[in-house]
Amino acid sequence: MRGEPGEKSVTETKKGKGIQKKLQKDLEEVKELLGKATRKRVRDVLTAEKSKLETEIKHKTKQKGQEKGETIDNEKPAAVVAPISVGYTVKINNYGWDQSDKYVKIYITLNGVQQVPAENVQVQFTERSFEVLVKNLNGKNYSMTVNNLLKPISVEGSLRKIKTDTVLVLCKKKQGQKWDYLTQVEKECKEKEKSSFDNDTDPSEGLMNVLKKIYEDGDDEMKRTINKAWVESREKQAKGESEF
């Protein structure tokens, strides 16, 4: 004997609730793992999975609301689901810059940035700084802040342009002078390094300081390369001394 249509609807509703509850638990676990992850590749995978789960939950909730409307007219409408939140914010560290007589130009590479709405690409200028914020590009936000610009800029005359895979920030110079550096901090660091070299009476010691800095700032591959070169140098010195 076939069951009544109402019984079938109740069974399907319970099944749908079970699936939605499972998806919600999966989402909570992914969010917890995302909060603990530190490696970029792992965070990217978890962020993609988080967006996928949020989309599925939203779809199930919408589908559930439609089914309720079809079967029970006097039942309360489904709860409103919060919009899918955008993933974490990525700090932009890599960029290039050059200049013309009127502008200092900063080039920021972001794949697919031309596909987001123009209002999602925002740049705020002050006389000695600028801040870039790109919202919801492939499920992430991207931000970059540059403070202590080498020279003052015109806030009103500065602007940004969106090109293929690139955000171009145009800082209008207040004075048509050439910029040797982008920021005051960069200038001071370079001058300090130059002063260190000029005052160093032992060239070999200066070279060792440079190698030490490269070693400290370098990745594992760079450190292995420097260690190998140092060992080979020591072996050659020992061999040369033994010949006399």
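Reader: Why is N138 called exposed?

Author: In this predicted model, N138 has a relative accessible area of 61%. The term exposed requires a value over 50%. Since 61% passes that cut-off, N138 is called exposed.

Reader: Why is N148 called partly exposed?

Author: The relative accessibility of N148 is 44%. Partly exposed covers the range between the 20% limit for buried and the 50% limit for exposed. The value of 44% falls in that range, and therefore N148 counts as partly exposed. The place of N148 is in the loop between β6 and β7 (153-163). Its phi is near 55°, again a positive value in a residue other than glycine.

Reader: How do you know that E127 and K174 form a salt bridge?

Author: The closest N and O atoms of E127 and K174 are 2.4 Å apart. The rule asks for a side-chain nitrogen of Lys or Arg within 4 Å of a carboxyl oxygen of Asp or Glu. The value of 2.4 Å meets this limit, and therefore the pair is a salt bridge. By this rule the count comes to 1 salt bridge.

Reader: What makes this pair tie parts of the chain together?

Author: E127 lies in the loop between β4 and β5, and K174 in the loop between β8 and α3 (184-198), so the pair ties together parts that are 47 residues apart in sequence. E127 itself is partly exposed, with a relative accessible area of 38%.

Reader: What makes β1 and β4 edge strands of the open sheet?

Author: The open sheet has 4 strands in the order β1-β6-β5-β4, with mixed pairing. β1 (89-91) and β4 stand at its edges with a single partner strand each, so one side of each has no neighbour in the sheet. On average, neighbouring strands of this sheet are turned by 20° against each other, direction ignored.

Reader: How do you know that β1 and β6 pair?

Author: β1 and β6 are joined over 3 bridges, in the parallel sense. V90 stands opposite Y142 in β6.

Reader: Which residues touch the most other members of the largest nonpolar core?

Author: They are I106, I108, L110, F130, V134 and V169, in a core of 27 residues. The elements giving two or more residues to this core are β3 (103-109), β4 (121-126), β5 (129-137), β6 (140-146) and β8 (166-173). β5 gives the largest share, 4 residues. Another core, of 8 residues, lies apart from the largest one and has L27, V30, L34 and L53 among its members.

Reader: Why is Y181 called partly exposed rather than buried?

Author: Y181 has a relative accessible area of 22%. Buried means under 20%, so a value of 22% places Y181 in the partly exposed range. Y181 is found in the loop between β8 and α3. Leaving aside neighbours within four places in sequence, Y181 is in contact with W97, L150, E186, K187 and K190. Y181 and D98 are 83 residues apart in sequence, and their C-alpha atoms are 9.6 Å apart in space.

Note on methods:
Residues are numbered from 1 along each chain as its sequence is written. This is a predicted model: local features need pLDDT of at least 70, side-chain atom pairs count only at pLDDT 80 or more; totals for chains, interfaces and linings use all residues. Side-chain values use heavy atoms; hydrogens and water are left out. A nonpolar core is a set of buried Ala, Val, Leu, Ile, Met, Phe, Trp, Tyr and Cys residues joined through side-chain atoms within 4.5 Å. Buried means under 20% relative accessible area, exposed over 50%, partly exposed in between (1.4 Å probe, protein chains only). Two strands pair if DSSP finds at least two bridges between them. Axes are lines fitted to C-alpha atoms, for helices over the stretch in contact, and angles run from 0 to 180 degrees between N-to-C directions. Contact means heavy atoms within 4.5 Å.
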